[in-house]
Amino acid sequence: MTKTVEELLPEAMLATFRSRAAGYDEANSFCHEDFADLQAADYLKMLVPDANGGLGYGLRQASLAQLRLASAAPATALAVNMHLVWTGVAQVMRARGDRSLDFVLEEASRGEIFGFGVSEAGNDHVLFDSTTVATPQDDGGYSFTGTKVFTSLSPVWTRLGTFGRDDDGDEPQLVWAFIDRKAPGYRIKDDWNTLGMRASQSNTTVLDGVRARPERVFRKLPVGPNPDPLIFGIFSCFEILLASVYTGIGMRGVELAVENVRRRTSLKTGKSYAQDPDIRWRVADAAIEMDGLYPQLESIARDVDALVDHGPMWFPKLASVKVRATETAKRVVEHAVRVSGGGGYFRGSELERLYRDVLAGLYHPSDDESAHGTVANAWLGPIED
């Protein structure tokens with residue numbers, strides 16, 4: 001029988017992860033011990049079918065697991081997210097009749113770790129164009145030259161999913177492939193010194209002619225938006241799993257607000273701050289915001305699993321849940337900071353770290369501006385020339 005999310009991540013494991021998080025953050029080091037524990041628990045195989053030795057989770061269960069993990073160790077959850085995105089993409093495509101990424105599921109079942117080398121500085125086309133140069137090779141493979149930013153799992157990935165632009169033919173193409181960690185022609189910068197999410201170690205990766213073997217070149221697409229199953233798979237898994245991480249942060253923010261308010265006593269009244277009407281309103285406001293987020297996230301993940309056809313509304317729905325999760329979590333953590341007293345402002349407190357970690361949500365695609373553009377186009381049509 002498949003493990004439940006609670007069995008996969010028991011309270012004792014979460015407590016251990018939470019106890020390590022401050023140390024990883026202070027040292028700006030990768031979450032190696034957390035990662036080893038997750039590997040031992042088959043956490044990284046959750047989206048691999050049970051017939052292949054995985055847990056057979058759907059995206060809804062994976063979302064709940066990432067929410068639970070992020071409530072204890074947000075940076076660990078964010079790092080693991082990138083591997084889960086690729087296994088999720090393979091599963092989403094397979095469910096829709098496209099088995100071109102089945103090898104991802106097979107290799108993940110054998111312990112390979114998939115990184116996400118897609119983001120490029122200043123590239124607001126995101127998935128629809130690339131500044132990386134993809135050069136065709138005589139054997140059918142490709143070499144890639146360019147710079148990828150926010151490459152989570154940098155210390156441990158064994159397969160890096162990436163893409164670049166091939167301008168050699170009549171029409172430019174976006175070429176998608178996986179490169180092996182043992183392949184020459186790339187370097188990982190030691191440049192992850194950030195405000196938050198430090199244990200993810202999402203370093204910059206410089207591709208300098210690194211080659212992908214022919215059998216690892218899995219997609220060629222035209223430049224620009226298109227409805228290819230790969231694009232839907234990446235967008236749906238990335239947005240939902242990312243939203244899950246920040247929902248977990250928001251959930252923990254409410255828990256800390258409640259704990260800290262009950263712990264603190266007013267010198268003026270002699271009563272717990274849990275009896276202060278203004279404090280109670282702020283905690284209630286945080287809880288109300290989170291209550292609206294949980295069902296939206298679960299519903300859209302379930303719809304992906306169930307092959308629901310939202311047509312052209314899929315991308316607005318996915319962008320919306322990501323933005324709602326990140327913006328809600330940020331507001332909720334701020335509520336928690338406001339009611340928890342000055343102790344939360346000191347380095348090393350969990351709330352101080354969450355306040356820094358949650359700000360990373362502002363930088364992940366889709367950002368607030370592009371999401372609003374996507375939704376506006378869906379409802380109002382594009383802006384006229």
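Colleague: Which residue forms a salt bridge with Glu352, and how far apart are the closest N and O atoms?

Modeller: The partner is Arg347, with the closest N and O atoms 3.3 Å apart. Bear in mind that this is a predicted model.

Colleague: Is Glu352 buried or exposed? And what about Arg347, buried or exposed?

Modeller: Glu352 counts as buried because its relative accessibility is 10%, under the 20% cut-off. Arg347 has a relative accessible area of 54%, so Arg347 is exposed.

Colleague: Which residues do salt bridges with shared partners join into one network?

Modeller: Glu107, Glu112, Arg159, Asp180, Arg213, Glu215 and Arg216 are joined that way.

Colleague: Take Glu107. Which residue does Glu107 form a salt bridge with?

Modeller: Glu107 forms one with Arg216, and their closest N and O atoms are 2.1 Å apart. The two come from distant parts of the chain, 109 residues apart. Glu107 is in helix 6, residues 102–109, while Arg216 sits in the loop between strand 7 (203–212) and strand 8 (217–222).

Colleague: Are Glu107 and Arg216 buried or exposed?

Modeller: Both Glu107 and Arg216 are buried.

Colleague: How many salt bridges does the structure hold?

Modeller: There are 32 salt bridges in the structure. One of them pairs Arg20 with Asp34, where the closest N and O atoms are 2.8 Å apart.

Colleague: Buried or exposed, for Asp34? And how does Arg20 count?

Modeller: Asp34 is buried, at 0% relative accessibility. Arg20 has 23% relative accessibility and counts as partly exposed.

Colleague: While we are on charges, how many positive and negative side chains does the protein have?

Modeller: The protein has 41 positive and 53 negative ones. The centres of the two sets lie 7 Å apart.

Colleague: New topic. How many helices and strands are there?

Modeller: The protein contains 11 helices and 8 strands.

Colleague: What radius of gyration does the protein have, and what would a compact globule have?

Modeller: The protein has 21 Å. A compact globule with 385 residues would have a value near 21 Å, so the two agree. Along the principal axes, the C-alpha atoms fill a box of roughly 80 × 50 × 45 Å.

Colleague: What share of the residues is buried?

Modeller: Buried residues make up 54% of the 385. As for surface, the protein exposes about 17100 Å², with 52% of it supplied by carbon and sulfur atoms.

Colleague: Among contacts between residues at least 6 apart in sequence, what share joins residues at least 24 apart?

Modeller: That share is 73%.

Colleague: Let's look at single residues. Where does Ile113 lie?

Modeller: Ile113 is in the loop between helix 6 and strand 1 (114–117). With a relative accessible area of 4%, Ile113 is buried.

Colleague: What does Ile113 touch, leaving out residues up to four places away in sequence?

Modeller: Ile113 touches Phe35, Gln39, Leu44, His83, Leu153, Val156, Trp157, Thr158 and Arg159. Met82 is 31 residues away from Ile113 along the chain, and their C-alpha atoms are separated by 9.4 Å.

Colleague: And where is Val118?

Modeller: Val118 is in the loop between strand 1 and strand 2 (133–136). Val118 is buried too, with a relative accessible area of 4%. Beyond four places in sequence, Val118 is in contact with Leu127, Lys148, Gly161, Phe163 and Trp176.

Colleague: Back to Leu153, which touches Ile113. What is the phi of Leu153?

Modeller: Phi of Leu153 is near 65°, a positive value in a residue other than glycine. Most residues other than glycine have a negative phi. Leu153 lies in the loop between strand 3 and strand 4 (159–166), and counts as buried at 0% relative accessibility.

Colleague: What is the phi of Phe150?

Modeller: Near 55°, which is also positive. Phe150 is in strand 3, residues 142–151, and counts as partly exposed at 45% relative accessibility.

Colleague: Last one. Which residues does a cis peptide bond join?

Modeller: Pro365 and Ser366, with omega about -5°. Ser366 is in the loop between helix 10 (350–357) and helix 11 (368–380). Most peptide bonds are trans.

Conventions. Residues are numbered from 1 along each chain as its sequence is written. This is a predicted model: local features need pLDDT of at least 70, side-chain atom pairs count only at pLDDT 80 or more; totals for chains, interfaces and linings use all residues. Side-chain values use heavy atoms; hydrogens and water are left out. A salt bridge is a side-chain nitrogen of Lys or Arg within 4 Å of a carboxyl oxygen of Asp or Glu. Buried means under 20% relative accessible area, exposed over 50%, partly exposed in between (1.4 Å probe, protein chains only). Helices (H or I, at least four residues) and strands (E, at least two) are DSSP runs, numbered from the N terminus. The radius of gyration is taken over C-alpha atoms; the globule rule is 2.2 Å times the number of residues to the power 0.38. Contact means heavy atoms within 4.5 Å. Accessible areas come from the Shrake-Rupley method with a 1.4 Å probe; for residues, only the protein chains shown count as cover. Lys and Arg count as positive and Asp and Glu as negative; His and the chain ends are not counted. The place of a charge is taken as NZ of Lys, CZ of Arg, CG of Asp or CD of Glu.
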